[in-house]
Amino acid sequence: MGHGAQLGAQSCSKQWGGCQIGHHPFGGKHSKTKVMRGMADVTGGAAGEIYKDGKRVATFTYSNIRYRWHLNRNYKKLTQEATNLKATRKYLEIRRFKTKPCIRDWIARASIIERQVERLETKYNNEKKHRWKLFSLANLSKEMEVKCQEVCSHREEGDFMKETAVMELPEPVQRIPTLKLEENSSLHKVLQHVLRCLEDKEVRRIGIWGKVGTGKTTVLENLNNHEKVAEMFSMVIYVTVSKMWSEKRVQDAILRRLKLDVEGNADVNEAALIISEELKRKKCLILSDEVTDRIDLNRIMGIDENPDSKVVLASRYDDFCKCVMKADELVNVKPLLPTEAWNMFQKIVGPSISNPLIEPLARGVVKECYGLPLLIDRVAITFKKKGEDVVLWDYGLERLKRWDSIKIYGKDEVLERVQICYDDLEDDEQKVCFLYGALHPQESEIYVDYLLECWKAEGFIKHANDFRSARNRGHTVLNELIKVSLLERSDKRKCVKMNKVLRKMALKISSKRTDSKFLVKPPGGLEDFSKKEEWEQAHRISLMNNQLRTLPETLDCRNLLTLLLQRNKYLTSIPELFFKSMCRLQILDLHGTNIVVLPSSLSNLIYLKGLYLNSCSELKEIRSSVEALEHLEVLDIRKTKLKLLQIGSLVWLKCLRLSLCNFDVANYTEAQVSRFDLLEELTIDVGSLEEGWDKIVDPVIKEIVKLKKLTSLRFCFPQVDCLGFFVEKSRVWEDRRLTFHFAVGYHDSAVAHVLESIDNPSYNILKLANGDGVNPIIMKVLTKTNALGLIDYKGVSSLSDFGIKNMNMIFDCLIEGCSGIKTIIYGNGTSKAVLEWLKNLHITNVPELENIWQGPVHAGSLARLTTVTLSNCPKLMKIFSNGMIQQLIQLTHLRVEECHRIEEIIMESENTQLENQALPKLETLELIHLQQLTSIWAKDSLEWPSLQEVKISNCCMLKSLPFNEVNATKLRSIEGQQSWWEALEWKGDAIKQRLQPLCILN
């Protein structure tokens, strides 16, 4: 043994001096012989290394030897704990929680730790080949042991979140607005047939089949809403399976319904396991509408693993249901009987149909609809507009009879007959605007602002020189299309959508026009561009929401006016000459793609009016000179890497949308914004967590106040002083045409979307976040404000602090997290009506709120209030103060949630002389998690003339309902827990028997 080795052995023997035989510091039970043999192996194998540097080995302490000895054990333990951490992360990632920020932070940290563990694994696999490197192996073992402790700690924190965080659970049933089926009608009998099949244990799959327009969708929607279905199944999932939908897209729809956020790159099998696990031990009903291609539900969601689950599918073909989808039972939906068709038509058209001159014509119209509910609905809406004008009725019937086909055999015939609604539009302006909507996928949500901009760019909106006039005219056209049901409002108030059948009609009409050829491909599966001939013949192309990876090098597209390629996330480049022939192009939408550069041929688009590049997160360069785009009016570069200076020559822009990343914060120079002196609409989006805005906001505001033509401004002011400078210096502030969407201060509110969803284009919106006290500038801006948001605002105890007279024009109000607010309105300081134009009031997380109104309520106050939502206000005891309820003649929706001191919704002590007609317009009442609630109204004296839906959840002390045998005549549903319903106390069995059929219990 060398000298260095002897020193090492002596050092080690000193440190082991106190050890007993069988209890050495390596943690196991070994004899001294085994210990020394182990040391001999270690020192012998490393002789060459030790010979070079004896001093290092001499200081190789006992703890280092212990780490080296446990290297493999530490590695195995670390990898096992990392696997457990990954499982916890995946569990939290795919579920939605109400406490999102802390969970997002935990997930982000978990991902970092997992990457660190992966690096240690790589290092271990490399280092273990060199067993003589004692120091590096010992340090690696120590590093893995420390990292293992961090992994364990973080995983335990995640496990605690799993147990304590409040998940956003999917509702057992998502009710769908639909036509209510008449008792004993044909469709009602179909519904009853399907219900009986669902009760049959031998039937697992049911196929509903029939021609287009016979009412299959209506049956499915009524099935979705049916109380018996809610009793039979713990989860109902409704999916519309459009043509060309892949299994992955159907699966994604189911995941969204279950509120599971699975990454887009998860394969079908992995996602199926997640769905199957989520639905384990749940009795599930799948309702699949419009099924035309085979969908393997077992592959998508493992439905065969759940024997209690069932499927109802709707298709046009019985053979498809039976042979392809393996339906156990078939139910045929036939056209309505003549009497049913007449009753349906009569109900929609109204009293004019009773005119003896109109009735025979009306019966002729119904006959031409051949019993198809869809067609009856659309035609009836059109004929309703004709009133009692016999000439119009006669002419309309004549046109219906002109169709060549006598009977309705399928889709084409339905489309032809629905076309009368299109033909009845007043002018070509409305017709081309309607047809343009068909460029968007069926049933998809189309942002109204975007749609109106496209209409303007295409020249559909006539006699409108500026954007404000064009938007106003566009909204007029839009409302007309909605009135005749050619478009419909989406659940998102800023969006519209087009019915699937109407869209098919629109595409068919476009295909016959020589000046408006459409090339439209359904979303999802398209990976390569369509045939060259299709591109070159088209006037408008829509390939949005696909998986395009390449585009053709050159095309002859001299007729092309609109090109919609948005949300093709795999599209990373555009060929240099791609735009060369598109000299007539007016709208180009590339938003949500991953392009890096705009090619030089962009300069050929000399008539381009709308360019949408938002959310092209990799886009950083425009190779051509943008000066050639001399007709460009709308440009959106939010969330790109493009800088403002790169588009600085486009001084003729009228609408510009930016975000903070478009500013060179470090080198900001003046005149970057003010050079666009023709701007009518300016948006600058700033996220609550983005840094750098406060460094450049002052010079930016100084430039904005110079813009003379602004009619719309969306802007974030970090402080009130910044807002004050704009108000005092802006040339357009006093112009009544200016609409604004201002945020003062930063926020990360999850409920601010209430204000974001307001669809009235003339509304002025003001959000005050994390501010303090009342400022004269705020009061001045309030006088022009229509929608107000107070978010975590301090220094005020009520809205009255801002001055009642300053809030006369407020229609919508959101209050969240304002710790100083105790009441919303003090009525003592005024003798006039207060908030008489307020329509919607949303209050959430206000810890000190005790009541909504304090003091006298003057006539006319809150007279137009339609919606009230109260959530998580722990000290709130009084909702309707004395005299307040009498003013709420328009209140339609009331929701109270997690206000734990509420005992009565209508307090008897505050409403001693309440008339039986109180709350005459109330339609929906939702009471959620009210632990102390004992009464809605202590008596059954109110008539509740408009009440339709009542939802009670986790209100265990509520033992009675304010209903009797004759009131609440329009009540359609009472939703709640079975245990709560069974514990209710009744004045008589007749009341319970009357309400029992309305119950949806879970």
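I started with Asn 954, which is found in the loop between β30 (949-953) and β31 (973-976). I note here that the model is a predicted one. Asn 954 has a positive phi of about 55°, although it is not a glycine. I looked up its accessibility: at 36% relative accessible area, Asn 954 is partly exposed.

I then went to Arg 567, another non-glycine residue with a positive phi, here about 60°. I located Arg 567 in the loop between β11 (562-564) and β12 (587-589).

**The whole chain**

I counted secondary structure next: the protein has 31 helices and 32 strands. Of its 1002 residues, 52% are buried. I also looked at contacts with a sequence separation of 6 or more, and 67% of these join residues 24 or more positions apart.

How many residues of helix α10 are buried? I found nine of the 10 in α10 (residues 216-225) to be buried, so this helix is largely enclosed by the rest of the structure. The buried residues of α10 include Lys 216 and Glu 221 as well as Val 219, Leu 220 and Leu 223. Asn 222, Asn 224 and Asn 225 are also buried.

I found α22 mostly covered too, with 10 of its 11 residues buried. Among them are Tyr 450, Trp 455, Cys 454 and Leu 451, and also Glu 453, Lys 456 and Glu 458. Just after α22, I noted Gly 459 with a positive phi of about 85°.

**Aromatic rings**

I searched the whole structure for aromatic pairs and got 24. Tyr 436 and Phe 460 form one that is edge-to-face, with 5.8 Å between the centres and 75° between the planes. Tyr 436 lies in helix α21 (residues 428-436) and Phe 460 in the loop between α22 (448-458) and α23 (467-483), so the pair ties together parts 24 residues apart in sequence. I checked both partners for burial. Tyr 436 has a relative accessible area of 1% and is buried. Phe 460, at 8%, also counts as buried.

I recorded one aromatic cluster formed by Phe 663, Tyr 668, Trp 693, Phe 715, Phe 717, Phe 726, Trp 733, Phe 740 and Phe 742.

I also looked for charges over rings. The charged end of Arg 363 sits over the ring of Trp 342, 3.9 Å from the ring centre. The charged end of Arg 864 sits over the ring of Trp 837, with 3.7 Å to the centre.

**Leu 738**

Trp 733 of the aromatic cluster came up again when I listed the contacts of Leu 738. Leu 738 lies in the loop between α27 (720-729) and β20 (739-744). Is Leu 738 buried or exposed? I found a relative accessibility of 5%, so Leu 738 counts as buried. Setting aside neighbours within four places in sequence, Leu 738 is in contact with Leu 710, Thr 711, Ser 712, Leu 713, Val 732, Trp 733 and Asn 764. I also took the C-alpha separation of Leu 738 and Glu 681, which is 9.5 Å for residues 57 apart along the chain.

**Glu 536**

I placed Glu 536 in helix α25 (residues 532-537). At a relative accessible area of 25%, Glu 536 is partly exposed. Not counting residues up to four places away in sequence, Glu 536 touches Leu 555, Asp 556, Cys 557 and Asn 559. From Glu 536 to Met 582 I read 10.0 Å, C-alpha to C-alpha, across 46 residues of sequence.

**α16 against α18**

Last, I looked at how helix α16 (residues 338-349) packs with helix α18 (residues 373-384). Their axes come within 9 Å and cross at roughly 35°. The crossing of α16 and α18 is right-handed. From α16, Ala 341, Met 344, Phe 345, Ile 348 and Val 349 take part. They meet Pro 373, Ile 376, Asp 377, Val 379, Ala 380, Ile 381, Phe 383 and Lys 384 of α18. I sorted the residues of this contact and got 11 nonpolar, no polar and two charged.

Note on methods: Residues numbered from 1 in each chain as written. Predicted model: local features only at pLDDT ≥ 70, side-chain atom pairs only at ≥ 80, totals over all residues. Heavy atoms only, no water. Axes fitted to C-alpha atoms, helices over the stretch in contact; angles between N-to-C directions. Helix = DSSP H or I, 4+ residues; strand = E, 2+ residues; numbered from the N terminus. Left-handed = near helix turned anticlockwise from the far one by under 90°. Contact = heavy atoms within 4.5 Å. Nonpolar A, V, L, I, M, F, W, Y, C, P; charged D, E, K, R; others polar. Phe/Tyr/Trp six-rings, centres within 6.5 Å; stacked < 30°, edge-to-face > 60°. Buried < 20%, exposed > 50% of the residue type's maximum accessible area, 1.4 Å probe, protein only. Lys NZ or Arg CZ within 6 Å of the ring centre and 35° of its normal.
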